[in-house]
Amino acid sequence: MIRLVIAEDHQALIDGLELQLKYEDNISIVGTVNDGEALLDLVRLKEPNVVITDIRMPKLDGIQATTVIKKEFPRIKVLAFTMFDQNEAVSQMLEAGADGYILKNTALKEVLTAINAVYEGKTYYDSNITVSNNSKTGSSSKSLLTKRQTEILHLIAQGKTSREIGAELFIGVHTVDTHRKNMARILGLKGKGELLRYAMEKKYRF
């Protein structure tokens, strides 16, 4: 059972998440708060598995709260849930120790995927943001890739086009191209064909 805490200064959004997540058999929401200080108090009291937090909150922002949580409870996974998609906000949150970053316009299905991914020790980044390869220090490049990105990398290694990959994974060509761009940034790759070369060298074909 995933013990989940939600920190968000807009109560209506919390109510919406609670309404949607309460039907998930593997998730138990153990508390919700509206500011960063209350988040730290709740985390210390409940010691959840996963924390979903906004970045901009009263009293203590999500970046500062994440830094404290990761220092006191390294095993707790933190998932940023925000409207901010700027590189600076993403970098600051990841440097604070966040395990994932998704936007508030994300579909519920992807929110669930993100929660489960970070709970399992993986990282998860919204396909609509870009992540610098320097954003998460101390992590290997492979560990920064989401399950979906790894699937796409396998198909790239097979020489498939974005259209072919989209058809196989039932996602849009634009989504595939966004994943390609993010993977290239995460892995520090530049130039056309570098992603294919990387996939081949790392034996993603197999």
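Colleague: Why is the crossing of helix 2 and helix 3 called right-handed?

Modeller: The model is predicted, and in this model the crossing of helix 2 with helix 3 is right-handed. The term applies because the near helix is turned clockwise from the far one by less than a right angle. The axes of helix 2 (residues 36–46) and helix 3 (residues 62–72) cross at roughly 15°.

Colleague: What makes helix 2 and helix 3 roughly parallel?

Modeller: The angle of roughly 15° between their axes is set against a cut-off: angles under 35 degrees count as roughly parallel. Helix 2 and helix 3 are therefore roughly parallel to each other.

Colleague: How do you know that helix 2 meets helix 3?

Modeller: Their axes come within 10 Å, but contact itself means heavy atoms within 4.5 Å. On the helix 2 side the residues are G36, L39, L40, V43 and R44, and on the helix 3 side A65, V68, I69 and E72. By class this contact has six nonpolar, one polar and two charged residues.

Colleague: Why is helix 3 called roughly parallel to helix 4?

Modeller: The axes of helix 3 and helix 4 (residues 87–96) come within 8 Å and cross at roughly 20°. With the cut-off at under 35 degrees, that makes helix 3 roughly parallel to helix 4. Helix 3 passes helix 4 in a right-handed crossing. Here G62, I63, T66, T67 and K70 of helix 3 meet Q92, M93 and A96 of helix 4, and the contact divides into three nonpolar, four polar and one charged.

Colleague: What makes helix 6 roughly perpendicular to helix 8?

Modeller: Helix 6 and helix 8 pack at an angle of about 95°, their axes 10 Å apart. Angles of 65 to 115 degrees count as roughly perpendicular, and that makes helix 6 roughly perpendicular to helix 8. Helix 6 contributes R148, Q149, I152, L153 and I156 to the contact, while helix 8 contributes V176, H179, R180, N182, M183 and I186. Six of these residues are nonpolar, three polar and two charged.

Colleague: Which residues are closest to the centre of the largest pocket?

Modeller: The largest pocket has a volume of about 550 Å³. Of its 22 lining residues, E110, T113, Y124, R148 and H179 are closest to the centre.

Colleague: Which helix gives the most to that lining?

Modeller: Helix 5, with five residues. Helix 5 (108–119), strand 6 (124–125), helix 6 (147–157) and helix 8 (173–187) each supply at least two.

Colleague: How many residues of the lining of the largest pocket are polar?

Modeller: The lining has 10 polar residues, with five nonpolar and seven charged. Gly counts as polar in this scheme.

Key
Residues numbered from 1 in each chain as written. Predicted model: local features only at pLDDT ≥ 70, side-chain atom pairs only at ≥ 80, totals over all residues. Heavy atoms only, no water. 1 Å grid on protein atoms, 1.4 Å probe; cavity = no way out; pocket = protein on both sides within 12 Å on 5 of 7 lines; lining within 4 Å. Points joined across faces, edges and corners; volume = space filled by probe spheres on them. Helix = DSSP H or I, 4+ residues; strand = E, 2+ residues; numbered from the N terminus. Axes fitted to C-alpha atoms, helices over the stretch in contact; angles between N-to-C directions. Parallel < 35°, antiparallel > 145°, perpendicular 65-115°, else oblique.
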